[in-house]
Amino acid sequence: MEFMGCYAKLCADKSNKTALNFLGYIKSFLAYTKKEYPNIPDLLDDNVRPKTPVQNVIYLTWDELMLFFHSSIKKEWELYRDMFCFAAFTGLRISDLRAIKPSNIFNDTIHIVIQKTGTAISVELNKYSRCIYEKYKNIPNPQGTLFPYRNASHYNVVIKDIAKELGIN
């Protein structure tokens with residue numbers, strides 16, 4: 001029981017995936033000790049799994065996304081709104097949007113390597129994402145990217161403010 005207390009403390013602030021990885025390391029170690037030291041009592045129970053909590057998936061409806069896209073908002077919020085909509089229309093993460101250069105887009109297709117996975121992908125632009133691309137493709141910025149770099153935490157605050165102003169909760 002003392003071990004479970006230590007395991008719980010170790011995993012308290014970790015994601016479920018990390019906690020499962022730790023459990024895998026522990027089980028590997030216990031399997032090794034069982035093999036090397038057969039006189040030790042069997043502490044390995046294959047039926048032990050941490051519970052995975054059910055997470056609510058939060059998303060916009062198509063009508064809410066169109067409200068975001070077509071909204072007249074403060075000028076300083078436009079970039080954030082456009083990045084949010086571009087991400088929604090392409091399915092890309094914000095971290096990947098910040099890395100897109102105009103040279104990554106040709107024949108109405110984005111060709112990039114996803115930052116999180118290292119996987120090369122191609123995403124076709126639809127009429128909405130193409131409209132946003134056309135708006136920003138010729139605007140120079142120091143990073144040379146399609147969208148000027150912005151602080152991610154500030155991005156989240158602005159998107160929430162826009163949603164609140166549009167009556168989306």
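This is a predicted model: local features need pLDDT of at least 70, side-chain atom pairs count only at pLDDT 80 or more; totals for chains, interfaces and linings use all residues.
Strands of a sheet are held to each other through backbone hydrogen bonds, in either a parallel or an antiparallel sense.

Strand β2 covers residues 109-113 and pairs with β1 over 2 bridges, in the antiparallel sense. Phe106 stands opposite Thr109 of β2.

## The chain as a whole

The chain has 7 helices along with the 3 strands. Read from the N terminus, the order of elements is α-α-α-α-α-β-β-β-α-α.

Of the 169 residues in the chain, 32% are buried. Among contacts with a separation of 6 or more, 51% are between residues 24 or more positions apart. The accessible surface of the chain is about 12000 Å², and carbon and sulfur atoms account for 56% of that surface.

## A nonpolar patch

Phe29, Tyr32 and Tyr37 make up a nonpolar patch on the surface, and together they have about 370 Å² of accessible area. Phe29 lies in helix α2, which runs over residues 16-36. Phe29 counts as exposed because its relative accessibility is 52%, and the cut-off for exposed is over 50%.

## Salt bridges

Side chains of opposite charge can pair when their charged atoms come close. The structure holds 7 salt bridges.

One of them joins Arg81 and Asp82, with the closest N and O atoms 2.8 Å apart. Are these two residues buried or exposed? Arg81 has 6% relative accessibility, so Arg81 counts as buried. Asp82 is buried as well, because its relative accessible area is 4%. Both residues also belong to a network of salt bridges that links Lys75, Glu78, Arg81, Asp82 and Lys135.

## Two further pairs

Asp96 forms a salt bridge with Arg93, and the closest N and O atoms are 3.9 Å apart. The two partners fall into separate classes: Asp96 is buried, with a relative accessible area of 2%, whereas Arg93 counts as partly exposed at 37% relative accessibility.

Glu134 and Lys137 meet through their side chains in a salt bridge, at 2.9 Å from N to O. Glu134 is partly exposed because its relative accessible area is 40%. Lys137, with a relative accessible area of 29%, is also partly exposed.

Notes. Residues are numbered from 1 along each chain as its sequence is written. Side-chain values use heavy atoms; hydrogens and water are left out. Helices (H or I, at least four residues) and strands (E, at least two) are DSSP runs, numbered from the N terminus. Buried means under 20% relative accessible area, exposed over 50%, partly exposed in between (1.4 Å probe, protein chains only). Contact means heavy atoms within 4.5 Å. Accessible areas come from the Shrake-Rupley method with a 1.4 Å probe; for residues, only the protein chains shown count as cover. Two strands pair if DSSP finds at least two bridges between them. Patches are made of residues with over 30% relative accessible area and no salt bridge: like charges are joined within 9 Å, nonpolar side chains (Val, Leu, Ile, Met, Phe, Trp, Tyr) within 5 Å. A salt bridge is a side-chain nitrogen of Lys or Arg within 4 Å of a carboxyl oxygen of Asp or Glu.
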